Every structure is written in C-alpha cells, then in structure tokens.
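User: I have a chain open and would like a quick walk through it. Can you take questions as I go?
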Amino acid sequence: MMRLLLLAHRYLGIAVGLLMVMWCLSGVVMMYHSYPALGESARLKHLAPLEWRECCKISEALLTKTTRAGHAAIEMLAGRPVLYLDTNVDPRPIDLRTGSFIDGISVEQAATVAGSFAGHAHGAPRLLGLIDGDQWTVAGDLNADRPLFQYAIDDEARTELYVSSVTGKAVQITTARDRFWNWLGAIPHWLYFNELRRHAGLWSQVVIYASLLGCFLAGIGIYLGWRQLAAQPAGRWSPYQGLNLWHHVAGLTFGILTLSWVLSGLLSMNPWGWLESGGAQSENAGLRGAPEPSLARMGAALQAFANGAASDAVSLQVAPFNGEIYFIAATAEGERRRFDAAAAAAPLGSDDLKFLAHVLTGAGAPTAPQLMSYEDNLYFSHHRDVVALPVYRMILPGSGTRYYVDPVAGMLVAKLDANARAYRWLHEGLHRLDFTASLRSRPQWDVLMLVLLCGVTVVCVTGAYLGFRRLTRSTRL
C-alpha cells in the first residue's frame, strides 16, 4: 500500500505539480490585482442627468405585449431618456420619446456612451471593432449584451471600454495595468482562458477535476510525510537529504494549509451543488407584493416625474414594494432616494419595516429588523470588495438564516441560509484567511499571506521538480 501511495503521489505531482505552483504564484498577484469589472457606482458616474422633456411615452403595442414592469430602470442614452425592462423579458431599451423599442444601438450612440468615459481631455474614443467577446468579456452574464462595441480611450492608462450593441450600456472597462497583471493573476489562477472559459460547462469541469487531483496530491503527501516522520528513530525528522528533505519538511509544515487552500478553491465552484443556497426568489416576490405593478401603471407614474421639478438623478429604478410602485433615484455621486408614484419622497417607514419583517419571518413571530451600520462576520468588505452600509439585518430564530435588506429600497441585498454560511467559512474563510476583521486588516494580512504562500510554494516547487527529475531519469534509463 505504501508503495502504491508513493507512486500515486509522485505521478500526481508530475500531472498537477506545475499547476499547483501556478496557483501559488498567481495567488500572490491576486492579493493586489483583481479581475477587471465595471462596477455600478463607476458606471453611474458617467451617466448624464435625466431629462424629462417629451417624456414619457410607451406605445400601446408594448403595453399590450408586456403587462408587467419587472425590474425596470430609466437612464439617458445618447441624449434620450430610455426605459430598460427586465432582461428576461426583453433587453432592448424603449425610447421614452417615441414609446418604441430601440432595435440595435448605432455606432454614433455607442460612441456617445464611450465619450462620457473619455472626457474632453482625451478626444474621441477610437472604435476597435464590434466583437462577440474576448478575454475580458467572456463571462456568461454578458451574453444578452453581445455583440459589443470595443473602444480605445487614448489616455495614460490605455483604457478600453466595451458598450453593449443591444442596450447601449457600458458593460466592461480595462486598463493596460489590469490586462498585464491579470495575465499573471486571475486568468491562470481561475484557468480563465478565453477559449476554455467560453465553454462554461467544460471550464467548470476542468477546474473541479484539476482541484480534486490537487486535493488527492496534497492529502496523500500529508499522510506519507507523517508516516515517514513516525517511522524515524528519536531525534530524527526525516530519512531524506537535499531537495527531498526540503520537500518533506515543508510538506510537514505547510501540507495541511496546502490541502485547505486547494479544497476551498474547489468549493468556490460549488461542485455538484454541495453548498447550493436556496435563493431568495420567494422572499423578493413577497416583498414586491401581488400583483406586480403593470407597465401601464409604471408609465403613468413616470408622468409625475416628467411634470415635476428637474432632478439631479442619473438613474431611476423601479422598486415595487407591498404591491405599490416606488422609484429609487440615484445620483452620479451614489446618493439614493426613494419616491412614490406621485414623485414624492417616500423613505422606508415603520409600516414598511413591519411588512418586511412579516414577509421574511413567514409564519413565525415577526422580528424587527435592526439597522446595522457596521460589518459583521457574514456581511463584510474584503479589501476591494466593499459592501454597502448601513443595512437592515434580520436573523431568524431556529434556522439562523440571515437577511440583509437595502435601507433605501427595502429589497434584499443578501440571504445567508445554512449552505451560504458554510460557503462563507469553507471558501472565503479558508481560501483568503478571512475569518475576522482583524485578520483581513492590512498590513498584517499581507504579511501573513505572503509568508504562508511562500511556504506552500516551496512545497509545490520542490514536489514538481522532484517528480519531473524522477520522470526524466526513468526516461533516460
């Protein structure tokens, strides 16, 4: 049995040893450079204030065809107010001056959107092409936006922007710095190569089974290392010398950490639904109320904004609550306010909170939501991943399910059931050593992670080298 385990460890090391080394080195890069993404707050900064002139028309054909408003939003597109319906219904924007769908975004409209990111100092953005996707737009959540206009902004950062040809929204932005470091960080770490990642099912299976092989490699190595240690006479640590000794001692010291990092990386893929959360569709539907407001009701409510005073809002999002229409107006600076169907300010009140508590607790006794202005161990920021505060929190007795609610819109920000809480500790906790706020505070987190990554890298580098050296030696013989 020991002979078989030694052979399995050796040849697994040859098979995935270099991959393990790559995961270690790219993990260091990912501590400081995350995969590029155009956040919603950054996108809002480049939107023009809403203009209500000649607004808001919706054709009778659309009112007949689309009876529900869904998750709708009103924004400016190339000088015209447009309505975006739920992408599950139809991703095309509706021109609120004509009332009809916009069938395809023109080059001129896309250039206007890109120009808002360029500003006046850098001139007009250069169109690089109309593409179906590339390394930076391979994610499946952009499928409804394809093809994409790709623009180069001639600034010092060599920024490139992607604009949807379906909706006219900016959907991705990268800089030369992003592109360089991600080829050394997120792309190799996630095996996020374009040709593989665009086949989502295949990519998922490759990552899962590569991680499983890494778990077997680390697990067998831990067992063998401790068996060899236990077999030594008093006063000796290892039967090995040279590089073999380095690998043995490093494996004894960092082997369990190596296994925990590979295993927690595997769990990030949620293989075979192990940690599948129940989702919050029913809670969200209950908070919206029944029946869901119709497109006709929403169109009538928009007239109140069109007839009212000018606003500094750049986006108006429909947020139904308890069967009534409300709007969340967001400014370019990120300020958000809630209005009712008459365009009057309508912040969440005590009656709204009672309804919210009743929906989320179900048949149980309603528990008043708490306004939380600080992070906890399940709702927290991790360096560049920042959560919104304040937030209402509810913890259900018995199940321990936690709900975090937007204090402006009254809708769920997050639901953490038992599986979601397990995912938080088994993936985010183990993989990033993010168990407490003090652990993830800098610079102590950087020092801790770099020291541990160096140790795990020594384990992987020495193991991969020894395996390949043995393989080449056998080949020569």
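User: Fine. What kind of model is this, and how many helices and strands are there?
Analyst: This is a predicted model. The protein has 15 helices and 14 strands.

User: What does the C-alpha trace span along its principal axes?
Analyst: About 90 × 60 × 40 Å. The accessible surface comes to about 23300 Å², and 60% of that belongs to carbon and sulfur atoms.

User: How much of the protein is buried?
Analyst: Of its 477 residues, 50% count as buried. As for contacts between residues at least 6 apart in sequence, 61% join residues at least 24 apart.

User: Now the open sheet. What is the strand order?
Analyst: The order is β3-β2-β1-β8-β9-β10, six strands with antiparallel pairing. β3 (94-95) and β10 (336-340) are at the edges with a single partner strand each, so one side of each has no neighbour in the sheet.

User: Which strands does β9 pair with, and over how many bridges?
Analyst: β9 (residues 326-331) pairs with β10 over 5 bridges, antiparallel. Another 5 bridges join β9 to β8 (residues 313-318), also antiparallel.

User: Which residues sit across from each other?
Analyst: Towards β10, Tyr-326 stands opposite Asp-340, and Phe-327 has Phe-339 as its bridge partner.

User: Are the faces of β9 covered or open?
Analyst: Both are covered. Tyr-326, Ile-328 and Ala-330 are buried on one side, and Phe-327, Ala-329 and Thr-331 on the other. In a regular strand, side chains alternate between the two faces of the sheet.

User: What about the turn into β10?
Analyst: The hairpin of β9 and β10 has 4 residues between the strands, and Gly-334 there takes a positive phi near 95 degrees.

User: Different topic: charges. Where is Asp-145, and what is the nearest side chain of opposite charge?
Analyst: Asp-145 is in the loop between β4 (126-131) and β5 (148-153). The nearest side chain of opposite charge is Lys-169, 7.3 Å away. Asp-145 is buried and has no salt bridge, because a salt bridge needs a nitrogen-to-oxygen distance within 4 Å.

User: What does Asp-145 touch, then?
Analyst: Leaving out residues up to four places away in sequence, Asp-145 touches Ser-164, Ser-165, Val-166, Thr-167 and Val-171.

User: Last one. Which residues make the nonpolar surface patch?
Analyst: Tyr-209, Trp-272 and Trp-274 make a patch of about 380 Å². Trp-272 lies in the loop between α9 (242-267) and α10 (281-288). Trp-272 has a relative accessible area of 48%, so it counts as partly exposed.

Conventions
Residues numbered from 1 in each chain as written. Predicted model: local features only at pLDDT ≥ 70, side-chain atom pairs only at ≥ 80, totals over all residues. Heavy atoms only, no water. Patch = residues over 30% accessible without salt bridge, like charges linked within 9 Å, V, L, I, M, F, W, Y side chains within 5 Å. Areas by Shrake-Rupley, 256 points an atom, 1.4 Å probe, with all protein chains shown as cover. Helix = DSSP H or I, 4+ residues; strand = E, 2+ residues; numbered from the N terminus. Buried < 20%, exposed > 50% of the residue type's maximum accessible area, 1.4 Å probe, protein only. Lys, Arg positive; Asp, Glu negative; His and termini not counted. Contact = heavy atoms within 4.5 Å. Pairing = 2+ DSSP bridges.
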